[in-house]
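I am opening this notebook to keep track of what I look up in the model. The entries follow the order in which I checked things.

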Amino acid sequence: MNKKRFGSRLVAAPYYVWAAIFIIVPLFMMIYYTFTDVNGVFTLANIMQLGRFKKAFGLSILYALISTIITFIIAYPLAYFMTKIKISSQRLILLLVVFPMWMNFLIRTYSWITILANTGIINTFLGKLGLGPLQLINTPGAVILGMVYDFLPYMVLPIYTVLSKIDKSMLEAADDLGCNSLQKLRRVIFPLSLPGVASGITMVFVPSVSTFYITQKLGGNKTMFVGDAIEYLFNLGPDFYNVASAISLVLMVLILLCMAVMNRFSEGDEEGVII
Amino acid sequence: MKIFSKIYIALILLFLYAPIAVMVLFSFNSSGSVWVFENFSLDWYKELLFNTSMLNALKHTIIIAVLSAIISTVVGTAASVGILALRKKVTKSLVMSATNIPLMNADIVTGISLMLLFVFFGKLLGLHESLGFITVLVAHITFNLPYVILSVMPKLKQTDSSLSEAALDLGCTPLQAFFKAVLPSISSGIFSGFIMAFTLSLDDFVISYFTCGHYQTLPIVIYNMTKKTVTPDAYALSTIIFVVIFVLLILYNTVQNKSSVKEAAKI
Amino acid sequence: MKKLLSVLFIVLIIACLFSGCGYEYFDLNLIGDYTNNIQNKVLNVYNWGEYISDGSEGSLDTIKEFEKATGITVNYSTFDSNETMYSQLKNGGVSYDIIIPSDYMIERLKNENMLQKLDFSYLTNYNLIDEKYKGIFYDEKNEYTVPYSVGLVGLIYNTDIVTEELDSWSALWDEKYSNNILMFNNPRDAFAIAQFMLGQDINSLNKSDWDKSKELLIKQKPLLQSYVMDEVYGKMETGEAAIAPYYAGDYLTMYETNESLAFCYPKEGTNIFVDAVCIPKSAKNYEAAMLFINFLLEPDIALANAEYIGYASPNTAVVNNPEYYYYQNEILYPSDIDLPKTQYFTDINNEIRLYYENLWIDVKLH
């Protein structure tokens, strides 16, 4: 028995080696670059410089928060309504919601330019109605729209999964206890769906806060978000690797903190439900 | 209420598919613009055949997706078996946290940290080029592995351990026991892990962007294109991919529906 | 029906992916000799995007023709700025046999000992290069480079929106055109415009000069619609934006789709550039690279490339060919009288370069 156990533990060895080299070591590389200068000498200068990027950090977090909230507001009712229809149509709609994720997101985002541009589809249509052109592209709204659009499926999927697994008897019990449907939603369904909401929020927030494509294409390239700054600095070459690593490191810590908070939140509630 | 919810779902779907509709429409544009639609034509589908850089990139993308999905499925399945066999809880949770890192981290951070690793050791080894086919492949396997592990592990946990013991008692070697008794019962997890790895790899842009060197995949070529003028042939290619995946998904869905109906009938 | 068509196309594409069909070769009059017995059959070429005739829209496919003539396989990739190319080369991430950077970047690569001398005995077509473009500052002794393409920066504007005739960079700061102005999305070109406005040297080594131009760029930022590079095509062609600084050759391409567009060389002066072919030190296939350079100089090939790219050609076989699409074009080949003061970018020392790169980041972060 022991021998067998040793054997099955051994089959994971390639993975351990892999994870050590390609998951753990790269993180140390990033830390190494953060605390050294171009010549590999220890320095804190990169960390000290980060003040310059506080606006970028602020904007990224703000936009990511707003788009995560909007995504949630759109996704929750969708997921809820989906659980109310026939199982076969549920599956079809789920497929349709997830399907755009298989398409290249660069192309999908780029298409929005055609829709939103001053000479684009919406404004051409408005022009035909005799209404003045609206400034849609290159605005904060366009960036948030892009984020919501690209990451919506990540929110719908986990919420739907949780909602569809809620035990029907729970709802019946709530009915028996005299809850109306709004109370049922607030007291029973929503608390039960929190783990799904939490993972949806992280799955939308993380890519939003670190994106560098949406802001460039839909935001007119005029402001730099954290993702843009990292991409730009890395493309400038080795002279800027150290600063860029420092920004990435801070971004990573920020994201991991967020995750920790969200995890605690969802786990805590799960326990609450059990009790 | 019912009607309201239907309208709501329809509106969201409209929102999700509007840009895709625009893409499909403009792939049939007769002029080279993705802004102004002139006439219907199939010129850009023909043009696509001459666009060697895009077709090469497609080839690269498919090669990387297939290889990385296969390798990460094999390594990841083995890893799940090994991790479950770990006795110490601390080691187990340590391994799982490490596994979760690429899953939770922002793509840009994963991509950059891998790039730093490749470049640093490339220089150390005095290589002429440290980024290319191997490094994208390694990067893709790295971010695929957690997904494979997370879809195989739950199935493996559900599998009764007496199953493999029974096989051993019947005179199987441990390897035979695994392949004959355990593997069939976790095959659905392995399959979904493989599919997930494949699609993630197919669609990855950010991590490839930092690790691919001149082994450019399709998303990279499209990104470079959107920095210039996007011509409708990129839309044409995307439309073709769209139709292929759509048909495959619908087929998969109907097959599943049928089998679930059958299962229900059995019960 | 659509489904059926698409399926058909997929089959075609998959067939072509692995065979490379679809392209019909041209009958070329090649002057040089391309027979060879090179062992290494792969050539890595790194060039600007859309900077070589590639067989699209019925044009000649330079790469395919070269592969046919020599039996060498070309691995072609593209960059979007000199700096991207430089960082790729510098961090050792990739190795290329052929690169086509601009003048100042060549100077830097040469100074950093990253280029190899060319063996001119291979370059039987080198005599076609206009004397004007030999011995330029980045390669005074003509050892490292062969010029590929030449251009000037100017001001492109849409006469539907801009009713006056423009002749100055100051239009880019004109509040009348607020939200209709585009600006270069790279530090070197953007600073150069501010520096011409301020009457400074665009290769200034004086930090306070750069500070002043930074202020000017920050002042411009609220008026801008966006910072662009090649996105400028779509935005100018459709009338999405009214004014943009860009390269003369690109103006001609835009004019084909939108005839309301006009062009001028601003009176404050403007930047002239030469992009030239070189071989990096890290090249793995020197001999094939030499064949490729000579091939690019072939009159038929150079003509196809000049017409495809739309920039001025340094190749006399192209410029003097009456069948050349841009033969004697006044915008591409202005006479010296029509031309304002022009200045090349030169390589700026590391300290100043880091300084202005950081200023540019500040402009973008502002």
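Which residue of β8(C) stands opposite Val153(C)? I looked it up and found Tyr247(C). Helices and strands here are DSSP runs (H or I, at least four residues, for helices; E, at least two, for strands), numbered from the N terminus.

**Entry 1: ground rules.** This is a predicted model, in which local features need pLDDT of at least 70, side-chain atom pairs count only at pLDDT 80 or more, and totals for chains, interfaces and linings use all residues. Residues are numbered from 1 along each chain as its sequence is written, while chains are lettered from A and ligands numbered from 1 in the order in which they are written.

**Entry 2: confidence.** I noted ipTM 0.88 and pTM 0.85 for the model. For pLDDT, the predictor's confidence in each residue from 0 to 100, chain C averages 90, and 94% of its residues score at least 70. Within chain C, helix α1 (residues 2-17) has the lowest confidence, at a mean of 56, and α6(C) the highest, at 97. Chain A has a mean of 87, with 94% of its residues at 70 or more. In chain A the value is below 50 over residues 268-275, a stretch that has 6 contacts in the model beyond near neighbours in sequence. A contact is counted when the C-beta atoms of two residues, placed from the backbone, lie within 7 Å. Where pLDDT is low, the predicted coordinates should not be read in detail.

**Entry 3: strand β5 of chain C.** I went back to β5(C) and checked its pairings, where a pair of strands needs at least two DSSP bridges between them. β5(C) and β8(C) run antiparallel and are joined by 5 bridges. β5(C) also pairs with β10(C) in the antiparallel sense, over 6 bridges, and there Val150(C) stands opposite Val274(C). With strand β9 (residues 261-264) of chain C, β5(C) makes 4 bridges, again antiparallel. In β9(C), Leu261(C) is the bridge partner of Asn158(C). I then checked burial: a residue is buried if 20 or more other C-beta atoms lie within 10 Å of its own, exposed if 12 or fewer, and partly exposed in between, with C-beta atoms placed from the backbone. For β5(C), 13 of its 13 residues are buried.

**Entry 4: helix α5 of chain C.** Helix α5 (residues 187-198) of chain C has 12 residues and reaches 16 Å from its first C-alpha to its last, close to the expected 16 Å. The expected span is 1.5 Å times one less than the number of residues. Of the 12 residues, 11 are buried, so α5(C) is largely enclosed by the rest of the structure. Among the buried ones I listed Phe191(C), Ile193(C), Phe196(C) and Met197(C), and also Arg188(C) and Asp189(C). What do the buried residues of α5(C) pack against? The list includes β5, β8 and β10 of chain C, and also α6 and α12 of that chain. Gly199(C) follows the helix and has a positive phi, near 70 degrees.

**Entry 5: two positive phi values outside glycine.** Gln328(C) is not a glycine, yet its phi is positive at about 55 degrees. Gln328(C) sits in the loop between α11 (316-319) and β12 (342-343) of chain C. Is Gln328(C) buried or exposed? With 10 other C-beta atoms within 10 Å, Gln328(C) is exposed. In chain A, Asn221(A) is also not a glycine and has a positive phi of about 65 degrees. Asn221(A) lies in the loop between α11 (214-218) and α12 of chain A, and is buried, with 22 other C-beta atoms within 10 Å.

**Entry 6: overall form of the chains.** Chain C has 12 helices and 12 strands. Its radius of gyration is 22 Å, close to the 21 Å that the globule rule gives for 366 residues, so chain C is as compact as a globular protein of that length. The radius is taken over C-alpha atoms, and the rule is 2.2 Å times the number of residues to the power 0.38. Chain A has 13 helices and 0 strands. For chain A the radius of gyration is 23 Å, well over the 19 Å given by the rule for 275 residues, so chain A is more spread out than a compact globule.

**Entry 7: where chain A touches chain B.** The contact takes 64 residues from chain A and 58 residues from chain B. On the chain A side, α2(A) gives the most, with 13 residues.
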